[in-house]
Amino acid sequence: MTIKRNLITYGIALIIILVLNFILPRIMPGDPLMAIYGDEALVAMTPDLEAHLVERFALDQSLWQQFYAYITAMFQGDLGWSYYYNSSVLQVIFARLPWTLLVVGSSLVLSTLLGIVLGVESGWRRGSKTDRVMLTGLMSLNGFPDFFLGLVLLIVFGVLLGIAPLSGALTPYSGLSGLSFVLDVLKHAALPVAALTIAHLAGGYLLTRNTMITVLKEPFMLTAKAKGLSQNVLKYRHAGRNSLLPVITMTGIWLGRVVTGALFVELVFAYPGVGQLTYQALLSRDYPVIQGIFLIVAISVLIANFAVDLLYPKLDPRVSHAH
Amino acid sequence: MPRLFLAVLVISLLPALPACNDEETPASSPIKTYTIADSTGDWGYPSPYAHYSRGPGYVRMSFIFETLIWKNATEFVPQLAREWEYNEDDNSYTFRLQENVKWHDGADFTADDVVFTFDYTKDHPFQWVDNSIVESAAALDRYTVILYLNTPYAPFFQDVAGAQPILPRHIWENVTVPEEFLTADAVIGTGPYKLADYSKEHGTYLYEANDGYYLGKPVVREIRFVKISLEMTPAALKEGSVDSASIPAEVVGDLEGAGFTVISAPPSWNGKLTINHQKAPLSSKEFRQALTYAIDREALVQIVLRGHGLAGSPGMIPPTSVWYNPDTPQYVYNPGKAQQLIKGLGYTLENGYFYKDGQPLTLSLIAAADYKDVGQFIAQQLEQAGIEIEFQTLEAKTVDYKVGAWDFDLSIYGHGGLYEPSFLQRYILGEGFNSARYSINDELTQLLNEQLTEMDTDKRKDMVFRIQELYAEDLPALTLYYPISYWAHDGSMPLYYTMDGIAIGVPLTLNRMCFVQ
Amino acid sequence: MHISLKKELKQSHIGKAGIIILVLVITLAILAPFLSRYNPGQQSTASLLSPSGVHWLGTNQIGQDIWSQLLYGARTSLLVGFGVGIFSLILSVLFGISAALVGGLYDKIVMRIVDAFIVIPMVVVVILVAAYIKPDLPVLILLLAVLSWQGGARVIRAQALSLKESGHINASRTFGAGQLYIAWRHIVPDMGPILLVEFIYGVRRAVFMEAGLAFLGIGDPMLVSWGTMMRDAMKFSYLDVWRWWLVPAGVALSLTIIGLTFISHATESVLDPRLRGGAVA
């Protein structure tokens with residue numbers, strides 16, 4: 001696809017996201033004020049306080065005015081002010097982003113690497129018992145939703161065996177620093193990363209395996225074999241490298257979803273990432289935070305895809321020559 | 001020998017000294033860190049205009065900021081005010097303040113700060129206290145303040161003097177937008193603890209003891225709040241990473257067996273059936289009474305709460321309260337009587353369902369997903385009585401909205417605050433969606449307003465008793481159940497539930513004074 | 001030219017395993033009322049019981065029989081899964097084929113929109129919409145279908161484009177066949193295997209999404225769903241009940257998805273012939 005086509009596509013995607021983002025929360029009947037102060041609040045809400053709050057959150061302006069304000073603010077890097085968290089949306093999101101990146105990033109790297117290696121080995125031995133076992137095993141693992149895996153891991157290792165932390169990203173106020181701090185963080189991230197890695201292992205594996213199968217039939221492989229190259233060189237340097245392309249594309253797409261990819265897992269482990277933030281914001285109808293997250297998701301997806309599009313021709317000269 | 005006798009005498013008198021609770025005084029050797037678990041974690045920056053509007057948010061702030069008077073397990077106690085008196089003639093309270101109190105930044109606390117607070121909150125209302133009852137505040141001298149009220153106000157101590165945090169004038173007089181005041185200066189108070197750290201995304205708080213506290217050096221050097229979900233707290237308690245937490249009802253026995261102390265608060269929260277009494281046939285009180293007879297509230301507690309609660313009283317006030325009227329009609333489950341009442345309104349029973357003019361009697365019941373189990377139970381019960389029910393769960397805010405707009409028949413809702421009877425006025429006459437909004441019974445309305453200004457407790461009690469009778473007869477809304485919740489701790493601190501809840505009624509064990517003794 | 005789907009499936013052990021699993025789940029779902037003694041919605045005071053002769057998997061927090069819930073939960077998953085699968089397929093076919101046959105500006109616009117939707121992460125949009133619209137069953141199926149037809153449309157369009165120029169279609173065109181006739185009588189039937197494969201993908205995605213939404217608590221709480229069961233069980237993870245409450249629901253869900261995965265794996269060679277060739281796996 002040409003760059004221009006891509007840009008148009010991404011442009012449309014961005015617009016769809018922005019409009020959806022803005023319109024949806026406002027379609028529902030209900031007063032945002034009630035969203036914060038309803039339920040169990042023991043509040044003596046005087047009419048004065050109410051008027052004061054309505055003015056503060058600009059809830060009495062027309063939809064168009066709100067939308068216009070939203071777009072212009074966005075271009076200035078201001079994602080708005082969160083009702084619930086009483087702080088700027090950007091701050092709220094960025095405080096949690098590193099944790100999500102840690103967990104999702106690690107599991108992405110692990111599952112991709114592992115998936116590639118297993119896929120290469122499996123594709124090389126296509127049809128054999130090893131291949132069948134790996135294939136069946138990994139596809140079965142793929143069927144387990146990440147939240148189920150996460151829950152079982154948490155119960156077994158956290159509650160029953162007591163060797164994993166029960167929630168959070170670190171031990172609060174433990175006074176740890178340096179290496180012990182890093183270990184503490186890793187300890188807390190271990191189970192979430194494990195759940196995500198296991199659940200998504202099959203993606204990279206299957207793709208690599210499939211590509212491996214087709215690449216192995218290519219003439220150049222025959223040549224390489226005839227040259228008498230060792231198995232490993234054949235597998236990885238020749239076949240494997242060529243099988244990487246689809247995986248890179250897939251990783252590119254996955255990168256874009258990094259931000260919300262761990263939503264379920266973060267919930268199960270009470271991990272303070274953007275996924276859990278999304279869920280909380282949805283529950284409390286915190287419009288600005290929801291909008292902010294979707295914006296960041298949209299932009300990261302588009303950037304990731306764009307980057308892959310730029311990278312692809314460099315990796316596979318056939319593509320650029322085809323045009 | 002005489003010395004030994006004296007020692008024994010002294011030792012045997014020790015239990016009579018005032019303690020944090022009525023059981024044995026625990027060792028008051030300092031505790032380094034006390035860890036409390038909370039399932040939500042983040043309740044906002046613990047400054048009066050920044051904490052989230054629910055109970056736990058107020059409690060986080062209350063470790064730092066203090067009020068004129070406070071409460072322990074049984075009564076009101078002095079706090080920033082050491083003495084007070086009420087002047088009936090001009091409706092004023094005179095508070096004599098403590099004289100050696102310093103703000104956390106070293107400045108002196110004086111009557112000026114109190115006067116400033118009540119002035120400041122006129123322009124910047126504190127979300128939890130309706131100070132409109134205070135007409136003005138004046139400092140008589142450096143340590144004496146007079147608050148003039150508009151009218152006599154019975155719940156003044158509970159709702160205002162015991163809830164309004166006092167702000168330091170030298171810091172807040174320059175703050176024009178208090179909701180955005182989030183610097184370190186915003187948590188300068190007089191309380192026994194200072195904020196050492198707060199993390200929004202991890203949902204944690206760290207408080208360190210204020211050794212200059214005027215009522216004594218706090219026993220606990222550091223208090224930590226950590227975020228752990230409710231289902232994980234039993235494991236956390238057992239492994240020792242948490243000292244104290246709210247626990248699910250099912251593990252009470254297990255934790256007690258493991259050596260933990262488990263306590264529970266007198267109920268302060270009720271689940272309610274909200275009724276649209278402006279719409280026929282719900283507009284007739286006989287029909288509402290029929291509904292009440294048709295719902296077995298005891299069975300509801302057994303099934304939906306698995307026994308951990310009390311059946312709702314039709315007078316709203318829970319039977320554990322001192323304000324409870326034991327003669328309130330209880331409408332013991334009687335589906336036969338229910339059907340009789342409905343027939344009296346012109347309905348006929350055919351094939352187990354009621355009809356009138358060929359139309360079946362159908363009502364819609366809406367509730368948020370959290371109340372799904374209660375809703376299904378109610379729907380089943382009413383169907384058995386012959387009323388067709390369309391039960392639907394909707395998004396919580398949508399339910400609130402529809403109820404607020406009178407676009408419903410029946411709905412399930414809940415609210416807390418059932419301690420001080422001032423809540424009766426709020427939840428019967430108030431205009432919000434969580435109020436019954438019922439003002440057509442003149443005697444009831446009059447009593448509800450009068451009891452707020454009746455300063456004689458006995459007379460007020462009579463009024464509240466009568467209110468329950470009237471309310472239980474008219475039933476504009478039906479209290480279904482009071483859930484009971486449990487708190488477990490390792491026994492190192494003498495935690496208790498504050499009389500009538502902390503401040504305006506927060507049923508938590510986290511009274512700051514417990515950590516001071 | 002034509003890859004026989006039946007042959008592919010017959011040769012594949014994995015494919016056969018998948019079919020067996022799926023048939024098992026479907027059977028259990030259909031026979032649910034006969035295999036369970038209790039109504040899954042029936043509340044009682046017998047809460048949080050361990051498995052017994054009366055309650056094969058014990059009871060949940062309001063005394064409902066877990067075994068019944070498991071069986072009826074299968075119904076929900078399959079209903080949503082197949083419902084979305086069909087609806088999504090219809091949309092894919094409509095847009096994919098029309099884009100291929102009509103071409104021109106229409107094709108360009110449709111494909112740009114399709115690509116745009118593919119780029120947007122579906123999980124997140126579904127959660128957003130579902131949280132505000134709080135869907136009941138038909139609305140949920142509609143919502144999921146509307147957000148998942150795009151991938152299939154691309155594939156179908158590509159296939160339709162190549163079929164468009166094939167011999168027999170050209171021939172019928174010379175006989176005066178109109179676009180609609182060609183689409184309906186020639187192109188769609190030729191794409192049989194591909195449609196089935198896309199359908200299975202759709203079903204699998206939908207089963208996962210429905211459970212995920214129910215787990216988050218933003219699906220329809222009145223539906224008996226494995227996701228809701230897992231969510232409720234999670235709240236009691238400090239007790240032993242998870243063994244017979246959480247695990248069966250999770251395993252049932254996983255098994256269903258695995259079955260569908262196996263089937264779609266076996267039929268993948270239909271989409272990419274290069275994958276064929278003595279496939280025993």
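This note walks through a few features of the structure shown above.

1. **Before you start.** This is a predicted model, in which local features need pLDDT of at least 70, side-chain atom pairs count only at pLDDT 80 or more, and totals for chains, interfaces and linings use all residues. Residues are numbered from 1 along each chain as its sequence is written, chains are lettered from A and ligands numbered from 1 in the order in which they are written, and side-chain values use heavy atoms, with hydrogens and water left out.

2. **Chain C as a whole.** Chain C has 14 helices and zero strands; helices (H or I, at least four residues) and strands (E, at least two) are DSSP runs, numbered from the N terminus. Its C-alpha trace spans about 75 × 45 × 30 Å along the principal axes.

3. **Where chain C meets chain A.** Here, 47 residues of chain C are in contact (heavy atoms within 4.5 Å) with 53 residues of chain A. The two chains bury about 4,700 Å² between them, and 78% of it is on carbon and sulfur atoms. Buried area is the accessible area (1.4 Å probe) that two parts lose on being put together, summed over both.

4. **Who supplies that surface?** On the side of chain C that touches chain A, helices 2, 5, 6, 11, 12 and 13 of chain C each supply at least two residues. Helix 13 (242-266) gives the most, with 12 residues. By class, this side has 32 nonpolar, eight polar and seven charged residues. Ala, Val, Leu, Ile, Met, Phe, Trp, Tyr, Cys and Pro count as nonpolar, Asp, Glu, Lys and Arg as charged, and the others, Gly among them, as polar.

5. **Charges across the interface.** How many salt bridges are there between chain C and chain A? The count is zero, where a salt bridge is a side-chain nitrogen of Lys or Arg within 4 Å of a carboxyl oxygen of Asp or Glu.

6. **A salt bridge to look at.** Over all chains, the structure holds 25 salt bridges. One of them joins the side chains of B:Arg221 and B:Asp211 (2.6 Å, N to O). B:Arg221 lies in strand 10 of chain B and B:Asp211 in the loop between strands 9 and 10, so the pair ties together parts that are 10 residues apart in sequence.

7. **Two packed helices in chain C.** In helix 4 of chain C, C:Phe95, C:Ser98, C:Ala99 and C:Val102 meet C:Gly104, C:Tyr106, C:Asp107 and C:Val110 in helix 5 of chain C. These contact residues divide into five nonpolar, two polar and one charged.

8. **Two backbone details in chain B.** The peptide bond from B:Ala280 to B:Pro281 is cis, with omega near -5 degrees. B:Pro281 sits in the loop between strand 13 and helix 8 of chain B. B:Met316 has a positive phi of about 75 degrees although it is not a glycine, and B:Met316 is found in the loop between strand 14 and helix 10 of chain B.
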